[in-house]
Amino acid sequence: MTHVVTEACIRCKYTDCVDVCPVDCFKEGPNFLTIDPDECIDCAVCIPECPVNAIYAEEDLPKDQLHMTEINAELSRLPHWKTITKRKDPLPDHEDWANKTDKLKELIR
(Lines give C-alpha, C1' and ligand atoms only; values in the text may rest on other atoms or scores of the structure.)
Protein backbone atom coordinates (compact mmCIF):
# COMPACT_ATOMS: atom_id res chain seq x y z
CA MET A 1 0.00 0.00 0.00
CA THR A 2 0.95 3.62 -0.39
CA HIS A 3 -0.27 7.04 0.57
CA VAL A 4 -2.16 9.30 -1.78
CA VAL A 5 -2.45 13.07 -2.11
CA THR A 6 -6.05 14.07 -2.79
CA GLU A 7 -7.72 16.99 -4.56
CA ALA A 8 -7.51 19.04 -1.35
CA CYS A 9 -3.88 19.81 -2.23
CA ILE A 10 -4.70 21.33 -5.62
CA ARG A 11 -4.02 25.08 -5.72
CA CYS A 12 -2.74 25.05 -2.13
CA LYS A 13 0.44 22.97 -2.33
CA TYR A 14 1.46 23.10 1.28
CA THR A 15 4.79 21.33 1.58
CA ASP A 16 4.95 20.58 5.30
CA CYS A 17 4.74 16.89 4.41
CA VAL A 18 8.00 16.80 2.46
CA ASP A 19 10.08 17.78 5.48
CA VAL A 20 9.12 14.64 7.38
CA CYS A 21 9.25 12.10 4.53
CA PRO A 22 12.13 9.68 5.20
CA VAL A 23 12.32 8.46 1.59
CA ASP A 24 11.69 11.64 -0.44
CA CYS A 25 8.66 10.23 -2.27
CA PHE A 26 6.94 13.56 -2.97
CA LYS A 27 6.97 15.02 -6.47
CA GLU A 28 6.13 18.63 -7.22
CA GLY A 29 4.00 19.97 -10.04
CA PRO A 30 2.86 23.51 -10.76
CA ASN A 31 -0.06 23.51 -8.29
CA PHE A 32 -0.08 20.08 -6.62
CA LEU A 33 2.13 17.55 -4.87
CA THR A 34 1.97 13.85 -5.53
CA ILE A 35 3.32 10.77 -3.81
CA ASP A 36 5.31 8.35 -5.92
CA PRO A 37 3.81 4.94 -5.10
CA ASP A 38 7.06 3.19 -6.01
CA GLU A 39 8.96 5.21 -3.39
CA CYS A 40 6.43 5.51 -0.54
CA ILE A 41 7.14 3.14 2.35
CA ASP A 42 3.71 3.62 3.97
CA CYS A 43 5.13 5.19 7.12
CA ALA A 44 2.26 7.71 7.50
CA VAL A 45 4.35 10.50 9.03
CA CYS A 46 3.15 12.88 6.31
CA ILE A 47 -0.56 12.57 7.14
CA PRO A 48 -0.68 14.77 10.27
CA GLU A 49 1.61 17.37 8.68
CA CYS A 50 -0.86 18.43 5.98
CA PRO A 51 -2.86 21.48 7.08
CA VAL A 52 -5.72 20.67 4.67
CA ASN A 53 -5.87 16.91 5.36
CA ALA A 54 -5.03 16.04 1.76
CA ILE A 55 -3.03 12.85 2.43
CA TYR A 56 -4.55 9.45 3.10
CA ALA A 57 -3.43 5.87 3.25
CA GLU A 58 -4.67 4.27 0.04
CA GLU A 59 -7.03 1.99 1.93
CA ASP A 60 -8.56 4.96 3.78
CA LEU A 61 -9.25 7.18 0.76
CA PRO A 62 -12.72 8.71 0.70
CA LYS A 63 -14.80 7.18 -2.09
CA ASP A 64 -14.91 10.47 -3.98
CA GLN A 65 -11.09 10.51 -4.08
CA LEU A 66 -10.35 6.98 -5.29
CA HIS A 67 -9.38 8.36 -8.72
CA MET A 68 -6.44 10.14 -7.07
CA THR A 69 -4.51 6.88 -6.63
CA GLU A 70 -4.05 6.60 -10.39
CA ILE A 71 -3.43 10.34 -10.77
CA ASN A 72 -0.65 10.27 -8.15
CA ALA A 73 1.01 7.35 -9.93
CA GLU A 74 0.68 8.97 -13.35
CA LEU A 75 1.97 12.39 -12.32
CA SER A 76 4.87 11.01 -10.28
CA ARG A 77 6.24 9.46 -13.48
CA LEU A 78 6.21 12.68 -15.50
CA PRO A 79 9.77 13.88 -16.12
CA HIS A 80 8.97 17.50 -15.27
CA TRP A 81 7.52 16.55 -11.86
CA LYS A 82 10.66 16.58 -9.74
CA THR A 83 11.30 15.24 -6.26
CA ILE A 84 10.80 17.83 -3.55
CA THR A 85 12.60 17.40 -0.21
CA LYS A 86 12.40 20.81 1.47
CA ARG A 87 9.43 22.86 2.56
CA LYS A 88 8.46 25.86 0.44
CA ASP A 89 5.84 28.51 0.87
CA PRO A 90 2.36 27.44 -0.26
CA LEU A 91 0.90 28.99 -3.38
CA PRO A 92 0.12 32.71 -3.02
CA ASP A 93 -3.67 32.24 -3.06
CA HIS A 94 -3.67 29.03 -0.98
CA GLU A 95 -6.05 30.46 1.61
CA ASP A 96 -8.68 31.06 -1.07
CA TRP A 97 -8.52 27.39 -2.09
CA ALA A 98 -7.92 25.60 1.22
CA ASN A 99 -11.56 24.79 1.93
CA LYS A 100 -12.83 24.31 -1.61
CA THR A 101 -13.79 20.91 -2.96
CA ASP A 102 -14.07 19.42 -6.44
CA LYS A 103 -10.77 20.98 -7.56
CA LEU A 104 -9.63 18.37 -10.10
CA LYS A 105 -10.39 20.69 -13.02
CA GLU A 106 -7.82 23.11 -11.52
CA LEU A 107 -4.96 20.57 -11.63
CA ILE A 108 -2.10 21.64 -13.87
CA ARG A 109 -0.25 18.65 -15.20
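This is a predicted model: local features need pLDDT of at least 70, side-chain atom pairs count only at pLDDT 80 or more; totals for chains, interfaces and linings use all residues.
**Lys-13**

I began with the side chain of Lys-13, which reaches the backbone oxygen of Pro-30 at 3.4 Å.

Residues are numbered from 1 along each chain as its sequence is written, and side-chain values use heavy atoms, with hydrogens and water left out.

I located Lys-13 in the loop between β1 (3–5) and α1 (16–20), with helices (H or I, at least four residues) and strands (E, at least two) taken as DSSP runs numbered from the N terminus. Lys-13 counts as buried because its relative accessibility is 8%, buried being under 20% relative accessible area, exposed over 50% and partly exposed in between (1.4 Å probe, protein chains only).

**The core, Phe-26 and Phe-32**

I then looked up the largest nonpolar core, which has 30 residues, with Val-5, Phe-26, Phe-32, Ile-35 and Ile-55 having the most contacts inside it. Such a core is a set of buried Ala, Val, Leu, Ile, Met, Phe, Trp, Tyr and Cys residues joined through side-chain atoms within 4.5 Å. The elements giving two or more residues to this core are β1, α1, β3 (33–35) and α2 (67–76), and the largest share, three residues, comes from α2.

I placed Phe-26 in strand β2 (residues 26–28) and recorded Phe-26 as buried, with a relative accessible area of 1%. Phe-26 and Asp-36 are 10 residues apart in sequence, yet 6.2 Å apart in space, C-alpha to C-alpha. For Phe-32, leaving out residues up to four places away in sequence, I listed contacts (heavy atoms within 4.5 Å) that include Cys-9, Lys-13, Met-68 and Trp-81.

**Cysteines**

I counted zero disulfides, a disulfide being a pair of cysteine sulfur atoms within 2.5 Å. Cys-9 is in no disulfide, and the nearest cysteine sulfur, that of Cys-50, is 6.5 Å away; Cys-9 counts as buried at 5% relative accessibility. Cys-43 is likewise in no disulfide, with the nearest cysteine sulfur, that of Cys-21, 6.0 Å away, and at 36% relative accessibility Cys-43 counts as partly exposed.

How values were computed. A polar contact is a pair of N or O atoms within 3.5 Å; within protein, one must be able to donate a hydrogen and the other to accept it, and residues adjacent in sequence count only if both atoms are side-chain atoms.
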